[in-house]
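Hi everyone, thanks for coming. Let me put the structure up, and then we can walk through a couple of its features together.

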Protein chains: 2
Amino acid sequence: MDDGYRKHVVVVGGGFGGLQTAKSLARANVDVTLIDRRNFHLFQPLLYQVATGGLSPANIAAPIRSIFRRQKNVSVVLGDVLDVNPQAQTVSVNLQTSNRLESVRESIAYDFLVVAAGSTNTYFGNDQFESVAPGLKSIEDATEIRKRVLSAFEAAEITDDPKRKQRLLTFVVVGAGPTGVEIAGAIAELARHTLLHDFRNISPEESRVIIIDASARVLAGFKEKLSLKAEQSLTQLEIELQFNTRVKNIQPQFVTVIKDDHTSRIETETVIWAAGVAGVALGKRIALAAGVKCDRSGRVPVEPTLNIHGYPNLFVIGDLAHCENAEGELLPGVAPVAIQQGNYVGNVIRRKVSATISTDDPKPFAYKDRGQLATIGRSAAIADLGKFEFYGFSAWLLWLFIHILSLAKFQNRVLVFFQWAFNYLTFNRSARLITEAGNGSDLRGSVGLDANTLTADDEQPEQSQRH
Amino acid sequence: MDDGYRKHVVVVGGGFGGLQTAKSLARANVDVTLIDRRNFHLFQPLLYQVATGGLSPANIAAPIRSIFRRQKNVSVVLGDVLDVNPQAQTVSVNLQTSNRLESVRESIAYDFLVVAAGSTNTYFGNDQFESVAPGLKSIEDATEIRKRVLSAFEAAEITDDPKRKQRLLTFVVVGAGPTGVEIAGAIAELARHTLLHDFRNISPEESRVIIIDASARVLAGFKEKLSLKAEQSLTQLEIELQFNTRVKNIQPQFVTVIKDDHTSRIETETVIWAAGVAGVALGKRIALAAGVKCDRSGRVPVEPTLNIHGYPNLFVIGDLAHCENAEGELLPGVAPVAIQQGNYVGNVIRRKVSATISTDDPKPFAYKDRGQLATIGRSAAIADLGKFEFYGFSAWLLWLFIHILSLAKFQNRVLVFFQWAFNYLTFNRSARLITEAGNGSDLRGSVGLDANTLTADDEQPEQSQRH
């Protein structure tokens, strides 16, 4: 494939940043190895739609290999990056093998390394909350939340205990940022519209949806005027907002919160965590190896040229990077930042390889902020485009337009559009499947060979004691 | 809701038979309780499309509650039916509750009981094969098979061992019935078209796909001429057919087969079981309680009026019933039989309740056989309509037309049509997601609270030792 030695660029992560880096190297005289744990790119901004049954996982995911099928200088490797040695210029990878038969560790040498490994939910030291209050970062998180929300309605339908019924029909979202607002809005619509006629013993529209946040308003990253508009939309959906409130404890049947030194308790069996993200653990290991120190959220500090200080060929971009603009402000962990950074780094590498710029002197990265958007359920949104700001249906149309355009693949765009058009017209959410949490070989291993549990046949109610 | 006492019809199973029974009772003066383990109806004939990445689970599933949202005499209950007492006229159900906190067992009384609990894979006493050779009956089966097939290509891409590479690129399907032929055809197309340009170190088109069957031809339920046409289509897809061959052993890295007393070994890491189904275990318990004996495949024998002998108000229909036509031939386990039986039983019950027929004398059930269809990959199929038989593209168009028309919900029809049109034009299969087998709370429980494994973030390759 190559004539003589070509520089090797290793990209860690197939999210927005990593994908854009590899794409922008299409015409560079380099070999690119893109490493990801998963075989698909995930369009995270729409993950909340999967969690609430509006879209299927495949609608918002695209196989990474097919994205690069025509770009022959990219090899895709499925594996977990364990560590980086910036002195030796190698990454250590656990390669994924079939059927869990074995584990293969390999060391991959690089000339340039771009780490775009992203962020993860953080519980601020309260990791015990995770099992009762899942966050929303992966397809599996989304199908787990979908299962919990739908199962709560199912359990409420059959219980005779009015107190438990109320508890099951109470949904608590921790965090009033974009993810929290989106998922609370979607749950409220599910309850007040989609499920309206589905049950016989409960009235889903009487469900309580509560957002808890430590700050004084929703969407604190937006201008105050837009926050207030978003609050109006949430209140129209009968979502309860509890501000200046901190979570003290989360248990399977209740949440304890503190406001003004006063502790109170919310009875609920469904809690969703949207309170914060932090850089993945790999960031800390890279920082340690390169002699820098992560910020409090586990992000790796980078130079204005996006490389780690002292390592001009080791870049960190996207959610994992602590990158400040010329005014010293931290850039937010959003897709446009990661995409622009990927593009920037790809171009720097291309020009370094073709020697059109001095190795020591690329122009610093400058983020072009085109504004921000957040959506609140069906047909309401807020948009802050710097000079313009607007809200309501027009903002929602803009949100819809941008998200459909941005989806990684043509096919997903078309299908998601039809799915949405249909959902919009009918209030329907057809992807309301409660699928097994522990399927496949794990389950087979543990309960497998009992004749009663041989298969998980969807059409047979037969199959005992799974609870 | 009801004025005075209304007869109570309990339907077990939300498959084709159960759904049709409940629908045909729409205008009957009865209350219907439909019990299923899952919250969705599954369109099983297209499950192989999910297993090979062509469709998403939600494309072929419809929430049962939304199917009956306007039919107010139907209550849907999520639960496992454990047993039936035909003398006391009760069913014992394990109700599904939220978040696995508890298990609630309840006894439900019935005036009429319709058991449509379906079938499950059978390994003919070799249940140890299940973990290495999953069957295809549920959404979870399909995503597990999808994961195994795609992971085999991924592992082949990274292995340096040519023998292992060959083994990973060999796919064995046990059984040459409709399911086996469909899934083998779909895997061959995946390898020969969809994945053609996706890899750098392997040529997916060199994969071997092998069908093993104990009989002498494929699709033995069809006329011999059509079987031969199907064989031609399979051979064009370079699928190897091994007839008169029995499986002796299945291990993680090979299958041992016997033909003419000669034992040989096929090196493979991916085996799919499509060799047979049997009635679910509930059937045996019902038969025992009602004093009848299941056939060798676990089906419950029923009278020509579809009730169990001696129990005029206890019906068994669909795959779980051993029902013979007037000529004494066993009716096949296909959707049209279940649907017609559901319709028949619903009408018998309606007329019994309204007393328009004598309780002891309904007309026997007569199956109207409109023919059968099987598809072999892209644009080939065989159709046997009794008087007419045809094959190739025209049969495939008929197959496509019937399957799109039959899908339970309007929305699924439209989306599946677009998905198919797109796949057909582009050879694409976009739902090629390798998702975690053990996600959700199971996984969290076992590896949960280590900081390295806090979440399963799709964008981060970060996360160690999952193998």
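Let's start in chain B, where helix α1 (residues 16-24) packs with helix α9 (residues 335-353) at an angle of about 30°, their axes 7 Å apart. Before going on, a word on the source: this is a predicted model, where local features need pLDDT of at least 70, side-chain atom pairs count only at pLDDT 80 or more, and totals for chains, interfaces and linings use all residues. Residues are numbered from 1 along each chain as its sequence is written, while chains are lettered from A and ligands numbered from 1 in the order in which they are written.

Back to our helices (DSSP runs of H or I, at least four residues). Axes are lines fitted to C-alpha atoms over the stretch in contact, with angles from 0 to 180 degrees between N-to-C directions. α1(B) and α9(B) are therefore roughly parallel, a label for angles under 35 degrees.

Now over to chain A, for an open sheet of four strands in the order β12-β11-β10-β16, with parallel pairing. Strands are E runs of at least two residues, and two of them pair if DSSP finds at least two bridges. β12 (239-242) and β16 (270-273) of chain A stand at the edges with a single partner strand each, so one side of each lacks a neighbour in the sheet. Inside, β10(A) and β11(A) run parallel, joined by five bridges; Val172(A) has Ile210(A) as its bridge partner.

How values were computed
Parallel < 35°, antiparallel > 145°, perpendicular 65-115°, else oblique.
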